[in-house]
Amino acid sequence: MENFTNDILDTKLLPRFEEVTFSKLDANYWKIIWIELLIVFTVIFVAAVVGVFNDEKLHEKAMMIYGLIPALFFIFLGLLRLGFLKKGFAFRQHDVLFTYGVIATKTIIIPYNRIQHVSLHEGLLSRYFGLAKIEIFTAGGSSSDIEIPGILKNEAESIKQLLMGKIQKAL
């Protein structure tokens, strides 16, 4: 125990993740977000029409209901657009970073030696646009720690191979 040291680190000299240049999600991912939102609000609008048609008490409020739905659609569309523009990812020598958030920005940093496994997913719309989602798992959780959607499929496969190689080296 006589060789033990516990020196103080100068935090001003530590690398800053804020200086990392984040890669943005593919532009086609915005189309997927838009289509999914359109589907959800179409279902809501059809349900509202059916509800107004079947309930005479709602006939007087129909114009308000029909006006509220498009207003909410555009509010959600704006928030989702801001969220899309704020998402980014980066791979450094020792870790992976993912940033997101509209009101509060959150950055997740996972060292490669903490990664347990990586999966690649394609949804129906993602497959149509040639995109995939990378999920990165660490120990102790049943869900992924990072989900990076909207990556070109060939790039996602390369990222998965990179991460799998880093996992093998850590073992």
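In strand β6, F137 is the bridge partner of H117; strands and helices are DSSP runs numbered from the N terminus, with at least two residues (E) for a strand and at least four (H or I) for a helix. The structure is a predicted model, in which local features need pLDDT of at least 70, side-chain atom pairs count only at pLDDT 80 or more, and totals for chains, interfaces and linings use all residues. Residues are numbered from 1 along each chain as its sequence is written, and side-chain values use heavy atoms, with hydrogens and water left out.

β5 and β6 pair in the antiparallel sense over 6 bridges, where pairing requires that DSSP find at least two bridges between two strands. An open sheet of 3 strands, with antiparallel pairing, runs in the order β5-β6-β7. β5 and β7 each have a single partner strand and stand at the edges, so one side of each is left without a neighbour in the sheet.

The largest nonpolar core comprises 32 residues, and I115 and I146 have the most contacts inside it. Such a core is a set of buried Ala, Val, Leu, Ile, Met, Phe, Trp, Tyr and Cys residues joined through side-chain atoms within 4.5 Å. Elements giving two or more residues to this core include α1 (27-54), α2 (62-86), β5 (115-121), β6 (131-138) and β7 (146-152). The most is given by α1, with 7 residues. Apart from neighbours within four places in sequence, I146 is in contact with V96, F98, I108, I110, I134, E135 and I136, contact meaning heavy atoms within 4.5 Å.

Side chains of opposite charge can pair when their charged atoms come close. The whole structure contains 4 salt bridges, each defined by a side-chain nitrogen of Lys or Arg within 4 Å of a carboxyl oxygen of Asp or Glu. In the salt bridge between D95 and R92, the closest N and O atoms are 2.8 Å apart. D95 is buried, with a relative accessible area of 11%, whereas R92 is partly exposed at 27%; buried means under 20%, exposed over 50%, and partly exposed in between (1.4 Å probe, protein chains only).

K133 and E147 form a salt bridge through their side chains (3.6 Å, N to O). K133 lies in strand β6 and E147 in strand β7, so the pair ties together parts that are 14 residues apart in sequence. A further salt bridge joins the side chains of E157 and K153 (3.7 Å, N to O). Both residues lie in helix α4, 4 residues apart, about one turn of the helix.
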